[in-house]
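Work through the exercises below with the sequence and the structure open. Each task is followed by a solution in steps.

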Amino acid sequence: MSPISSSQLSSLQTSSLPLPPSGQAKSNLDALSNASSNTEEAEPLKEAFGDFVGQTLFGSMLSTMRESVGKPAYFHGGRTEEVFQQQLDQHLVAAMSEASADTIANPMFELFQMQRRA
């Protein structure tokens with residue numbers, strides 16, 4: 001999965017989304033709250049939430065780390081390393097977010113679900 005850039009996030013504004021009629025919006029909200037209580041339907045949402053948290057947290061952490069650390073004197077891969085560094089970072093971010101899902105993403109998802117129910 002490719003990382004989410006800040007320009008993609010800023011382009012997703014709620015004002016650009018079409019609004020349904022007011023009666024339909026209430027029924028959509030009720031259906032959404034009922035679906036969130038069902039664990040089978042909440043599982044894809046939980047996975048997407050975990051991916052987003054991982055991409056946001058670990059992706060920004062790795063990019064900041066790469067900017068702050070200089071090139072090594074002897075073991076630098078040259079242009080090839082520069083080209084494939086982003087793909088390596090994507091794999092590292094996916095592995096880190098999967099490994100830390102229980103401690104970072106899952107509690108955040110639970111708080112998100114509690115806020116949606118309120």
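**Exercise 1.** In which helix do glutamate 82 and arginine 79 lie, and how many residues apart are they?

Solution. The model is a predicted one.
- Step 1: locate the pair. Both glutamate 82 and arginine 79 belong to helix 4. They are 3 residues apart, which is about one turn of the helix.
- Step 2: check the contact. Arginine 79 and glutamate 82 form a salt bridge, with 3.5 Å between the closest N and O atoms. The cut-off for such a contact is 4 Å, so the pair qualifies.
- Step 3: assign the exposure of arginine 79. Its relative accessibility is 59%, so arginine 79 counts as exposed.

**Exercise 2.** Find the salt bridge that lysine 71 forms, and decide which residues belong to one network with lysine 71.

Solution. 
- Step 1: find the partner. Lysine 71 is paired with glutamate 82, and their closest N and O atoms are 2.9 Å apart.
- Step 2: Lysine 71 sits in the loop between helix 3 and helix 4, while glutamate 82 is in helix 4. The two are 11 residues apart, and the pair links distant parts of the chain.
- Step 3: compare the accessibilities with the classes. Lysine 71, at 60%, counts as exposed. Glutamate 82 has a relative accessible area of 37% and is therefore partly exposed.
- Step 4: join the bridges. Glutamate 82 also forms a salt bridge with arginine 79. Through shared partners, Lys71, Arg79 and Glu82 are joined into one network.

**Exercise 3.** The structure holds 3 salt bridges. Describe the one between arginine 66 and aspartate 89, and state for each residue whether it is buried, partly exposed or exposed.

Solution. 
- Step 1: take the distance. The side chains of arginine 66 and aspartate 89 meet at 2.8 Å, N to O.
- Step 2: Arginine 66 is in helix 3 and aspartate 89 is in helix 4 (residues 78-99).
- Step 3: classify each end. Arginine 66 has 33% relative accessibility and so counts as partly exposed. Aspartate 89 has 13%, and buried means under 20%, so aspartate 89 counts as buried.

**Exercise 4.** Which residues line the largest pocket, and how do they divide by class?

Solution. 
- Step 1: state the volume. The largest pocket holds about 240 Å³ of space.
- Step 2: list the lining. It consists of Met65, Arg66, Val69, Gly70, Lys71, Pro72, His76, Glu81, Glu82 and Gln85.
- Step 3: sort by class. The lining has 3 nonpolar, 3 polar and 4 charged residues.
- Step 4: sort by element. Helix 3 and helix 4 each give at least two residues, and helix 4 has the largest share, with 3 residues.
- Step 5: connect with the earlier exercises. Among the lining residues are Arg66, Lys71 and Glu82. Arginine 66 pairs with aspartate 89, and lysine 71 pairs with glutamate 82.

**Exercise 5.** How many cavities of 30 Å³ or more does the structure have, and which element gives the most to the lining of the largest cavity?

Solution. 
- Step 1: count. A search of the whole structure gives 1 cavity of 30 Å³ or more. The volume of the largest cavity is about 40 Å³.
- Step 2: list the lining. Gly50, Val53, Gly54, Phe58, Ser97, Ser100, Ala101, Ile104 and Ala105 line the largest cavity.
- Step 3: assign elements. Helix 3 (39-68) and helix 5 (101-117) are the elements that give two or more residues. Helix 3 gives the most, with 4 residues.
- Step 4: sort by class. This lining has 5 nonpolar, 4 polar and no charged residues.

Note on methods
Residues numbered from 1 in each chain as written. Predicted model: local features only at pLDDT ≥ 70, side-chain atom pairs only at ≥ 80, totals over all residues. Heavy atoms only, no water. 1 Å grid on protein atoms, 1.4 Å probe; cavity = no way out; pocket = protein on both sides within 12 Å on 5 of 7 lines; lining within 4 Å. Points joined across faces, edges and corners; volume = space filled by probe spheres on them. Nonpolar A, V, L, I, M, F, W, Y, C, P; charged D, E, K, R; others polar. Buried < 20%, exposed > 50% of the residue type's maximum accessible area, 1.4 Å probe, protein only.
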